[in-house]
Amino acid sequence: MGRGVGSNPGPRPLRSTPADSRKASSMQLGLIGLGKMGGNMRERIRRAGHTVVGYDRNADLADVHSLKELVQALEAPRVVWVMVPAGDATHETITALGELLSPGDVVVDGGNSRWTDDELHAVQLAERGIGFVDCGVSGGVWGLENGYALMYGGETEHVERVQPIFDALRPVGDFGSVHAGKVGAGHFAKMVHNGIEYAMMQAFAEGWELLEAADPVTDVREVFRAWQEGTVIRSWLLDLAVRALDDDEHLVGLRGYAADSGEGRWTVEAAIDHAVPLPAITASLFARFSSRQVDSPQMKMIAALRNQFGGHAVEATDGKAGPIEK
C-alpha cells in the first residue's frame, strides 16, 4: 500500500516538460510580495521557463521598485499575482492595480484572503474590464521543491490565462490543483483545508501528550516514527512531527503557545452560517485559545466549584494546596 495522502517523501523534481512545449507556453507574470512564500514561488515559476517581474516593499528582494514599474515591465494582456497579507494590504494592492492595469488584464489573489473579499474584488476590477482569480496556496517552505497545492476560483477564461503558472507551481503528478468553482471558491476551499489541518494537528498533539504522560511508554518519538508506514494515520503532518521530535525529543525548548490564522475562525463561522456541525475543527480552534493562558480563568472557576460541591483541594496562587476557607 502506498504512502498516505499528504505524505512527504522529500523533495521531488519539477514537472518535466519538453523544451519546445515549455517555450511555447512560457509567459510573463507580475508577482507582488516576495516573502517566504512569494520568493520561493518566483523561483519555481522561473525554473519552469516563465518570466517573473517581482515587486516587494523590501527593495533588496524586488526586480522593480513600484507597482507602476511592474505594470510597465509587462506586455499586455498582463497577469499580476498578489501575494501579500490578507486584509488591508491585499485590498490596497488590488485597488492600486485597478488604477494601473488595462481591460483584458487579470489579477490573481494568492494570499489567505477571506472568500467574501474575493467577491468584492472581482466586482471592483470587473468595472474596469479586469479579470480576477482567487487562489488558495498550500505548501509552505517545502513548496519550492515539492510544489504547491492550488485551489482557484473564477471565470474559466481568466483561469485559462493563468493556467501555465498554475502548472509551474503545482506538484508533479495528476493531483495538486483544482479549479474549485466561481470567484471565492479557491479561498473557501483553502479555508476548509486549514480547518481540517487544525483538527489533524490537534489530534497528533493530544496523542503525543498522552503517550508522554503514560509510564509504560518509554520512547514516544519512536512510536511516532513507527506510525509513518503501514498505518491509517500516516501523513505529511506525522512526518513533520517526527522531524520536530528528532530536533527536540520532548519539545522542552518550545513554549506551549499556538497562534491561529484567520482561516480557522472563518471555517467555524462558515459552519455556523451553513448549519454544518464541525465539532473537531471547532474544538481544535478553541484549544489554541487555551494555549495563550498562563493561568486559565475558566480553570479557576472549575477548581472553585469542585471545592464547593465536593471539598476537593485547590491550589492557591502561592502554590499551596488545600480547601477554600469558608
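This is a predicted model: local features need pLDDT of at least 70, side-chain atom pairs count only at pLDDT 80 or more; totals for chains, interfaces and linings use all residues.
Colleague: What share of the 326 residues is buried?

Modeller: Buried residues make up 39% of them.

Colleague: Let's go to H4. Which residues of H4 are buried?

Modeller: Helix H4 covers residues 88-100. Its buried residues are Thr-90, Thr-93, Ile-94, Leu-97 and Gly-98. They sit on the same side of H4, because they cover an arc of only 140° around the axis.

Colleague: Why would residues a few places apart end up pointing the same way?

Modeller: An α-helix has 3.6 residues a turn, so residues three or four places apart point the same way.

Colleague: Got it. Which exposed residues are on the face turned away from the buried side of H4?

Modeller: That face carries Asp-88, Glu-92 and Glu-99.

Colleague: What span should the 13 residues of H4 have, and how far apart are the end C-alpha atoms?

Modeller: At 1.5 Å a residue, H4 should span 18 Å. Its end C-alpha atoms are 18 Å apart, so the two agree.

Colleague: Now H10. How far does H10 reach, and what is expected?

Modeller: H10 runs over residues 236-247. Its 12 residues reach 17 Å from the first C-alpha to the last. That is close to the expected 16 Å.

Colleague: Which residues of H10 are buried?

Modeller: Leu-238, Asp-239, Ala-241, Val-242 and Leu-245. Their arc around the axis is only 160°, so they lie on the same side of H10. H8 and helix H9 (220-226) are among the elements that cover them.

Colleague: Speaking of H8, at what angle do H8 and H11 pack?

Modeller: About 105°, with their axes 8 Å apart. H8 is residues 185-213 and H11 is residues 262-273. The angle makes H8 roughly perpendicular to H11.

Colleague: Which residues make the contact?

Modeller: From H8 come Phe-188, Lys-190, Met-191, Val-192, Asn-194, Gly-195 and Tyr-198. From H11 come Glu-263, Gly-264, Trp-266, Thr-267 and Ala-270. By class, the contact has 6 nonpolar, 4 polar and 2 charged residues.

Colleague: Stay on H11. Is Val-268 buried or exposed?

Modeller: Val-268 is in H11. It counts as buried, because its relative accessibility is 12% and the cut-off is under 20%.

Colleague: What is Val-268 in contact with, beyond its neighbours within four places in sequence?

Modeller: Ile-281, Thr-282 and Leu-285. Val-268 and Leu-285 are 17 residues apart in sequence, and their C-alpha atoms are 8.5 Å apart.

Colleague: Switch to a strand. Where is Met-151?

Modeller: Met-151 is in strand S6, residues 149-153. At 11% relative accessibility, Met-151 counts as buried. Leaving aside neighbours within four places in sequence, its contacts include Asp-134, Cys-135, Gly-136, Val-178 and Ala-189. Met-151 and Gly-136 are 15 residues apart in sequence, yet 5.0 Å apart C-alpha to C-alpha.

Colleague: Now the loops. Which residues does a cis peptide bond join?

Modeller: Ala-76 and Pro-77, with omega at about -5°. Pro-77 is in the loop between H3 and S3.

Colleague: What is phi for Leu-251?

Modeller: About 55°, which is positive although Leu-251 is not a glycine. Leu-251 sits in the loop between H10 and H11. At 24% relative accessibility, Leu-251 counts as partly exposed.

Colleague: And where is Ala-275?

Modeller: In the loop between H11 and helix H12 (279-290). Phi of Ala-275 is also positive, near 55°. Ala-275 counts as exposed, because its relative accessibility is 67%.

Conventions:
Residues are numbered from 1 along each chain as its sequence is written. Side-chain values use heavy atoms; hydrogens and water are left out. Axes are lines fitted to C-alpha atoms, for helices over the stretch in contact, and angles run from 0 to 180 degrees between N-to-C directions. Helices (H or I, at least four residues) and strands (E, at least two) are DSSP runs, numbered from the N terminus. Angles under 35 degrees count as roughly parallel, over 145 as roughly antiparallel, 65 to 115 as roughly perpendicular and the rest as oblique. Contact means heavy atoms within 4.5 Å. Ala, Val, Leu, Ile, Met, Phe, Trp, Tyr, Cys and Pro count as nonpolar, Asp, Glu, Lys and Arg as charged, and the others, Gly among them, as polar. The expected span of a helix is 1.5 Å times one less than its number of residues. Buried means under 20% relative accessible area, exposed over 50%, partly exposed in between (1.4 Å probe, protein chains only). The arc is that of the directions from the helix axis to the C-beta atoms.
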